[in-house]
Amino acid sequence: MDAWIDKHGALVDHPDVATPPSKDFYHIFVTRKEFILRVWKIVPPTRGGGRSDPFELKDDYADFKDDDKFHSEVQRLAGTNMLDYLTKIAEGELDYLPRLPKKVLTKIILNLQLEDVSHMSRVNKQFRELCNSCEIWENIYRRYSETPITPELEELAKDKSWKRLFFTNKLQLQMQLRRMKLNPEDLPPAGGYAFITHQEEEQEQQ
């Protein structure tokens, strides 16, 4: 297990803002010996009661399994998936995949089918950011697209993103590249071309 502990001695080191409607800040910190939850409650000015002091919950692995108050706070702040994740750690089941180096995760993602990349992006925030990164989609574009990679295309990708280019049909892409070569006075009126396809919009919503 030591190989999966970060430089702060944590198996889990997760600060975040609570799921709506709460606006509380929290920090979940799990070591080899204990679970720690720190909470900073945010009280809206319109609500009475004044300020609320931060508080901390702390359990060893055995106590965490049966601590209903701890479980309730984790579920309120971070949701059921996080509670399930912590419960599995308490039971000795550690999820190794998110702990792999980014370079290794990138290679894994690039060996997935496109549909599976979309599914993986829904696992958690870490995978959503990784699966939508420019690095991933540049590799996907170079692998699957028949459009030659030119300096103009690379410049367009910097502006629009490789993912958007991938879901843009050839005609629209040619229009965009042609517009880059025109003088401003030669460009069509704003809104003359639709850049993002309906298919790409659906992908973005996913």
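Author: Start with exposure: buried means under 20% relative accessible area, exposed over 50%, and partly exposed in between (1.4 Å probe, protein chains only). At 30%, Arg76 counts as partly exposed. This is a predicted model: local features need pLDDT of at least 70, side-chain atom pairs count only at pLDDT 80 or more, and totals for chains, interfaces and linings use all residues. Residues are numbered from 1 along each chain as its sequence is written, and side-chain values use heavy atoms, leaving out hydrogens and water.

Reader: What is a salt bridge?

Author: Side chains of opposite charge can pair when their charged atoms come close. The cut-off here is a side-chain nitrogen of Lys or Arg within 4 Å of a carboxyl oxygen of Asp or Glu. The whole structure has 9 salt bridges.

Reader: Which residue forms a salt bridge with Arg76?

Author: Asp24 does, with the closest N and O atoms 3.1 Å apart. Asp24 lies in the loop between S1 and S2 and Arg76 in helix H2, so the pair ties together parts 52 residues apart in sequence. Helices (H or I, at least four residues) and strands (E, at least two) are DSSP runs, numbered from the N terminus.

Reader: Is Asp24 buried or exposed?

Author: Asp24 is buried, at 4% relative accessible area. Asp24 also pairs with Lys41, at 3.3 Å between the closest N and O atoms. Lys41 is partly exposed, at 33%.

Reader: Which residues are linked in a network of salt bridges?

Author: The network links Asp24, Lys41, Glu73 and Arg76.
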